[in-house]
Amino acid sequence: MNGGGRAGPVVWTGIIAATCVLLLLVQQVLWLALPFIFGTVLHYILVGPMQRLVRAGHGRNSAALMVCLLFLALSALALAAALNWSRGPEEATWEKTLGLYLDGGLAFVHNSTALLEQRFPMLAEMRLTATVNGLLRAHTEHFAEKHLGTILMGLATWIPSLLLAPFLSFFFLRDGLRFKKFLARAVPNAYFERALYLLHEVDQTARRYFEGLLRLTVLDAAVLALGLWTIGVSSPLLLGLFCAVLAWVPIVGSIAGCLLVVIVASTDAPANPFIAYGAIGVFVLVRLLDDFVFLPLTLGRSIRVHPMVTVLMIFVGGALAGVVGLMLVLPLLGVVMVVGETLGRLMTNPRLRARHRHARALRARQAAVDLDIGRERRGTPTPNAGL
């Protein structure tokens, strides 16, 4: 029962094709997929504490209810603290705050282009600073007043859908084992052991991925916060955590996090662009540590995929489903890889196929015997009566 070796090119072609199809489906039903995705992530966050409560003697239903209620209470406290912290002075509105940070970013660009003009006279003759400042002002002037309300309204439309995530997570925790048993009962007996293995590996792959992602987020947030605190950037812990969460989206999230760090550092010291340069250096250093140290220790152990395939699938996911594809392509690839490799081994294992054929022959023979017995009871001649 050891399978049949590693998956071949045909199986891997099916794995990549199935991942692409799933990405397209997720993009089409994003309003329904997001609650299930966040509910699944929340399930893997809470399943560890729930299992400890179950081992301590609590029932599965009560353990799931307790961890969900505790999570909701902590989330409510964190949200209240964040709102109270972000309120600030009464005269400071969201529009003014956003405008302040935009001005800080513009000041950084202005100072950087001015330094370039001092270093390269040819750029000064081209009026680089005036040209860049004009373009930026044309796109950012009155940005908060014109677009902030639209952005907030667009986010608000997703709130009812996202509120389903805790509800779904509770039922995943409570009924997940029952659902696995339901799926296993539909598998032919010859493949039963391998089907149980498949369900276990899919569950463990997803769990390892999300647990590794959380560990990576904590490491990135801690190291980035320490670096930003060292160079004197304000709110380093909150900024580090926000950038670490943005890094869940490959490439795009890292670029957005770097821009956020630069804008905050420029707002803190608008007359000194070297603070922002130091923040860029810290961010690049954290990204290098992330790629070569943290990532292999966390996500690298959860999804065993060749780096070339990983990079290729990231670009494919972005091309097929945009930002959502960038976020989901790796966990989907990991799950589909486990399913595809296991199914490939099942279909190519001669012992399992022989067992399945033998089981079908036995069922057909038993059905024929039952029919003959039924005919004899009714007095109907059997097909073999004349032989």
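Of the 387 residues of the protein chain, 33% count as buried. Buried means under 20% relative accessible area, exposed over 50%, and partly exposed in between, with a 1.4 Å probe and protein chains only.

A word on the source. This is a predicted model, where local features need pLDDT of at least 70, side-chain atom pairs count only at pLDDT 80 or more, and totals for chains, interfaces and linings use all residues. Residues are numbered from 1 along each chain as its sequence is written, and side-chain values use heavy atoms, with hydrogens and water left out.

Now the overall picture. The protein chain has 15 helices and zero strands. Those are DSSP runs, numbered from the N terminus: H or I of at least four residues for helices, E of at least two for strands. Take the contacts in the protein chain with a separation of 6 or more: 72% of them join residues 24 or more positions apart. Contact means heavy atoms within 4.5 Å.

On to the cores. A nonpolar core is a set of buried Ala, Val, Leu, Ile, Met, Phe, Trp, Tyr and Cys residues joined through side-chain atoms within 4.5 Å. The largest one has 28 residues. Leu23, Val26, Ile37, Phe210, Met313, Leu328 and Val329 have the most contacts inside it. Four helices each supply at least two residues of this core: α1 (9–28), α2 (30–55), α10 (192–231) and α14 (307–348). Which of them gives the most? That is α14, with 13 residues.

Next, α1. Its 20 residues should span 28 Å at 1.5 Å a residue, and its end C-alpha atoms are 29 Å apart, which agrees. The expected span is 1.5 Å times one less than the number of residues. Ile15, Thr19, Cys20, Leu23 and Val26 are buried in α1. They cover an arc of only 125° around the axis, so they sit on the same side of α1. That arc is taken from the directions from the helix axis to the C-beta atoms. The face turned away from the buried side carries exposed Val10, Thr13 and Gln28.

How do α2 and α10 pack? At an angle of about 95°, with their axes 9 Å apart. That makes α2 roughly perpendicular to α10, a label for angles of 65 to 115 degrees. Axes are lines fitted to C-alpha atoms, for helices over the stretch in contact, and angles run from 0 to 180 degrees between N-to-C directions. From α2 come Thr40, Val41, Tyr44, Ile45, Val47, Gly48 and Gln51. They meet Asp203, Ala206, Arg207, Phe210, Glu211 and Leu214 in α10. Look at Phe210. Leaving aside neighbours within four places in sequence, Phe210 is in contact with Thr40, Val41 and Tyr44.

Then α12, residues 252–268. Its 17 residues should span 24 Å at 1.5 Å a residue; the end C-alpha atoms are 25 Å apart, which agrees. Among its buried residues are Gly253, Gly257, Val261, Val262 and Ala265.

Leu116 is in helix α4 (residues 94–119). It is partly exposed, with a relative accessible area of 37%. Not counting residues up to four places away in sequence, Leu116 touches Leu123 and Leu128. Ser235 is found in the loop between α10 and α11 (236–246). Ser235 has a positive phi of about 45°, although it is not a glycine. Its relative accessible area is 32%, so Ser235 is partly exposed.

Methods:
Angles under 35 degrees count as roughly parallel, over 145 as roughly antiparallel, 65 to 115 as roughly perpendicular and the rest as oblique.
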